[in-house]
Protein chains: 2
Amino acid sequence: MPLLIDVRKLSLITELIQDGAEEVAGSLASLAGVEACVEIKSLSFVQPGDIPTEMGTGQIHSARIRLTEPPYGVFLMTFSTETAAEIARLMTGTPVEGEFTQMQQSALQEMCNILTSGFIDGIADTLETTIDMGTPTVEVADTSAVADAALSHVRRDSLTIVLDSLVDIKETDVAFSLRIFLIPDPGSFVHLIDQLDRDVETGEPTNVADTEVEELDMSADVSAFEDSAGR
Amino acid sequence: MPLLIDVRKLSLITELIQDGAEEVAGSLASLAGVEACVEIKSLSFVQPGDIPTEMGTGQIHSARIRLTEPPYGVFLMTFSTETAAEIARLMTGTPVEGEFTQMQQSALQEMCNILTSGFIDGIADTLETTIDMGTPTVEVADTSAVADAALSHVRRDSLTIVLDSLVDIKETDVAFSLRIFLIPDPGSFVHLIDQLDRDVETGEPTNVADTEVEELDMSADVSAFEDSAGR
């Protein structure tokens, strides 16, 4: 099955990612009371088989969730032990000394929930849909185990979007480096992108263009009215 | 005309860009005697109409060239006045005081030639082709003028690949931030990507897989020979 996407629509992927990042910042403010700026540092595409290489070796924290609605596939977020400790300290106000306390572990889970749902909601908004989702599985494990768990239900020929992002918490010197792997079902992803009603000639979403035309028509009506009124 | 690309081949774009960056590092070493590491900081896709926004306002240095062979289109590299002065200083050994000297201007042109041809050659290698090119036009101008000049022959519905890269010169504290806009003809670009003989099921270029099979056969032959010789 060919899984074809109009090359001129690739800019929609950049928009998707940026909208996801913005929604994460919004969720952090409303759900965690944390003012943050979320910056996408890099975007790349890899094959699912390359994910272990991208992760490197050693212990890594991860939050993963399988999407049960389009674009299906897997959302996987990874971050270092240092970042996990910073998140726990930020959320609980207590520094991490050795093992995480029960409260710090809960705080980490909560932050992963906020980041994950924020990102997925942001993408869903742009795709003009909703993507219901449960709670992500948060764990610390060897990178190879994390990759295996995430990829167990993924087609080997899928597209993987890799994002490095920086969540910069305002008025502090805290910044989290997060890596996100988005591995949608390729067919479903292409279908969603195709649905987006963008006019590829002008780059404008067609509904925006319609609004503009309507506005122009209205101002023409107004000036016709003004003309007929002798102004 | 639909300009369709297999979504599973998008990882080839990441590879193209990385190969371009590696070739730039190689060209710097062989042509300028400068050991450097070239890092891609970000990759994104925009519409050509968004390029002026990406550039911001004010004066900017640029090197641009129209490609007269596939994938056609425009290669545009931009960098700040500070970066231009650092390049001139690195290449001539003399600091820039106010206006560039004739020698510094030549050095800047030479560096732009090396960076541009290195990047284009790297892309061409991956695309298993060659892309002949002339000398890029190097100038300093307002961002809007630079964008206008670059986009004058570009289809408005093209794809624009935007890269932020960092050229880190080894054994110095010098690092150039460069932004690259690659605006290929979309039809030609899709055709080149399609030509690449990658096996989308395994993610391996098919010719590599063939070689591996052959090597296995050969070693089997060798051990059969050794067995029959009683070793």
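**Close-up views of chains A and B**

**View 1. The interface of chain B and chain A.** In this predicted model, 30 residues of chain B are in contact with 31 residues of chain A. Contact means heavy atoms within 4.5 Å. Together the two chains bury about 2500 Å², and 59% of this lies on carbon and sulfur atoms. Buried area is the accessible area (1.4 Å probe) that two parts lose on being put together, summed over both. On the side of chain B, Val7(B), Arg8(B) and Phe45(B) lose the most area to chain A. Together they make up 26% of what that side buries.

Residues are numbered from 1 along each chain as its sequence is written, and chains are lettered from A and ligands numbered from 1 in the order in which they are written. Local features need pLDDT of at least 70, side-chain atom pairs count only at pLDDT 80 or more, and totals for chains, interfaces and linings use all residues, while side-chain values use heavy atoms, with hydrogens and water left out.

View 2. The rule finds 2 salt bridges across the interface of chain B and chain A. A salt bridge is a side-chain nitrogen of Lys or Arg within 4 Å of a carboxyl oxygen of Asp or Glu. Arg8(B) forms one with Asp157(A). Their closest N and O atoms are 2.8 Å apart.

**View 3. Strand β1 of each chain.** Strand β1 (residues 4-6) of chain A pairs with β1(B) in the antiparallel sense, over 3 bridges. Strands are DSSP runs (E, at least two residues), numbered from the N terminus. Two strands pair if DSSP finds at least two bridges between them. Look for Asp6(A): the bridge partner of this residue is Leu4(B).

**View 4. Strand β4 of chain B.** In strand β4 (residues 74-79) of chain B, 6 of the 6 residues are buried, so the strand is largely enclosed by the rest of the structure. Buried means under 20% relative accessible area (1.4 Å probe, protein chains only). Val74(B), Leu76(B) and Thr78(B) point one way. Phe75(B), Met77(B) and Phe79(B) point the other way. In a regular strand the side chains alternate between the two faces of the sheet.

**View 5. The partners of β4(B).** Strand β3 (residues 59-66) of chain B pairs with β4(B) in the antiparallel sense, over 6 bridges. Here Ser62(B) has Thr78(B) as bridge partner. Strand β7 (residues 175-183) of chain B also pairs with β4(B) in the antiparallel sense, over 5 bridges. There Met77(B) stands opposite Ile180(B).

Terms used:
Helix = DSSP H or I, 4+ residues; strand = E, 2+ residues; numbered from the N terminus. Buried < 20%, exposed > 50% of the residue type's maximum accessible area, 1.4 Å probe, protein only.
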